Amino acid sequence: MTDALAVSRPTLLPRVDGARLWASLDRMAQIGATPKGGVCRLALSELDRESRDLFVTWAKEAGCQIRVDRMGNVFARRAGRQADAAPVVTGSHADSQPTGGKYDGIYGVLGGLEVIRALNDAGIETERPVDVVIWTNEEGSRFAPAMIASGVFANAFSLDFALSRKDAAGTTLGEALQAIGYAGSEPVGGFPVHAFFELHIEQGAVLERAGKTIGVVTAGQGQRWYELTFRGTDAHAGTTPMDLRRDALVGAARVIDFVDQLGRQHAPNGRATVGMIEARPNSRNTVPGECFFTIEFRHPESAVLDAMDASMREAVQRIASAQLLDAEITQIFDYAPVPFAPECVDAVRHAARTLDLPFQDIVSGAGHDACYMARVAPSGMIFIPCVGGLSHNEAEAITPEWATAGANVLLHAVAQAAGICSVDI
């Protein structure tokens with residue numbers, strides 16, 4: 001982004017209208033509102049359509065041109081002086097978890113829209129176009145896997161594979177797009193992107209605990225998922241002596257404790273979780289002869305993930321041998337760590353300093369569309385705190401001050417990348 005950085009003049013930039021942004025967030029939160037104060041806007045539902053329609057209306061009012069691709073990704077473009085130049089893109093998603101919060105994803109979309117509105121208010125022309133995007137099905141709650149539309153954009157998934165994904169009722173993603181009128185005609189990706197920035201709530205408690213307003217996201221965690229099965233022998237709980245048991249659940253319990261300790265050994269960025277467990281035959285007076293469970297590791301360094309993998313496999317075999325169990329390990333997902341582009345990271349840091357906002361570097365523990373975009377364009381992320389670190393929950397909350405601060409950082413980073421060529425002040 002050297003050319004854009006060279007022409008930027010951040011001291012001339014206005015601030016976003018925080019009250020307008022907060023009002024937009026409140027209005028959008030009425031779509032799919034839940035009794036406990038959250039939202040339920042599952043991907044490609046009628047409520048998702050309503051949220052997209054509202055965004056499109058607002059974007060058109062801001063003078064944007066709308067494009068919809070074959071994955072239903074919605075792009076709102078503010079023209080630049082160089083009409084054919086690679087755009088600077090920002091945005092996130094509008095879909096939610098079944099009991100989701102009001103800010104996860106949509107804050108990044110409406111923060112991007114507020115950037116365009118602020119540029120319009122100040123009469124600022126940029127060299128490059130600026131696009132605000134809604135990515136389809138980021139959450140993966142209705143259609144798996146998550147982040148599938150940005151994944152198609154970045155060539156991680158084929159279009160046919162993505163459109164063929166089915167929900168629990170057997171509806172394909174492609175059929176759902178048709179049903180809500182967002183099966184666009186534009187190709188998915190295939191055009192250069194000068195830079196991509198995603199504004200998001202942290203979904204954790206790091207920033208709030210540290211008293212920081214801005215998180216400069218340097219990387220996204222790598223992830224590895226495993227499915228494990230221990231097989232022993234079903235046996236009578238009253239007649240089988242302890243030293244003759246092949247108890248699969250006891251073996252699983254010892255691995256679970258080891259996995260927890262392994263995550264703690266690799267603090268502060270290490271994550272290790274057992275999220276599912278099924279003991280069979282699941283009868284109160286039968287020694288479990290089989291146990292299925294899952295393991296997930298996260299860390300921003302591949303070498304650490306390798307070490308966690310090796311330690312876990314050694315422990316599984318050691319525990320299985322001690323408990324006279326057969327063990328089966330299957331790795332089902334390997335998502336490499338994502339380092340964000342230094343120039344984008346630096347642009348976010350520079351914006352936070354310019355605005356005199358307290359900030360710190362942070363690693364994203366969750367997956368985001370920016371992680372796929374990093375495969376095809378220089379990318380970066382901006383985090384703001386969320387109260388208590390709570391997300392994917394109807395009680396998810398942020399403050400108007402945090403929302404405004406994050407959008408102002410996004411404004412500076414986007415303008416720096418897009419290049420200011422004229423200002424009407």
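Modeller: Just after α10, Leu324 has a positive phi of about 60 degrees. Helices here are DSSP runs of H or I with at least four residues, strands are runs of E with at least two, and both are numbered from the N terminus.

Colleague: What sort of model is it?

Modeller: It is predicted: local features need pLDDT of at least 70, side-chain atom pairs count only at pLDDT 80 or more, and totals for chains, interfaces and linings use all residues. Residues are numbered from 1 along each chain as its sequence is written, and side-chain values use heavy atoms, leaving out hydrogens and water.

Colleague: What should α10 span at 1.5 Å a residue?

Modeller: The 21 residues of α10 (residues 302–322) should span 30 Å, and the end C-alpha atoms are 30 Å apart, which agrees. The expected span is 1.5 Å times one less than the number of residues.

Colleague: Which residues of α10 are buried?

Modeller: Val304, Leu305, Met308, Asp309, Met312, Ala315, Val316, Ile319 and Ala320. Buried means under 20% relative accessible area, exposed over 50%, partly exposed in between, with a 1.4 Å probe and protein chains only.

Colleague: Where do they fall, seen down the axis?

Modeller: Within an arc of 140 degrees, so they line one face of α10. The arc is taken from the directions from the helix axis to the C-beta atoms. On the other side, Ala303, Ser321 and Ala322 are exposed.

Colleague: And what covers the buried residues?

Modeller: The cover includes β8 (222–231), α9 (248–265) and β14 (326–335). Contact means heavy atoms within 4.5 Å.

Colleague: On to rings. How many aromatic pairs?

Modeller: A search of the whole structure finds 14. Rings of Phe, Tyr and Trp (its six-membered ring) pair if their centres lie within 6.5 Å; planes under 30 degrees apart are stacked, over 60 edge-to-face, the rest tilted. Phe75 and Trp135 have ring centres 5.8 Å apart and planes at 85 degrees, so that pair is edge-to-face.

Colleague: Where do those two lie?

Modeller: Phe75 lies in strand β2 (residues 74–78) and Trp135 in strand β5 (residues 130–135), so the pair ties together parts 60 residues apart in sequence. Phe75 is buried at 3% relative accessible area, and Trp135 is buried at 1%.

Colleague: Which rings form a cluster?

Modeller: Ring pairs link Phe157, Phe161, Trp225, Phe333, Tyr335 and Tyr372.

Colleague: Which charged end sits over Phe161?

Modeller: That of Arg165, 3.8 Å from the ring centre. The rule is NZ of Lys or CZ of Arg within 6 Å of the ring centre and within 35 degrees of the ring normal.
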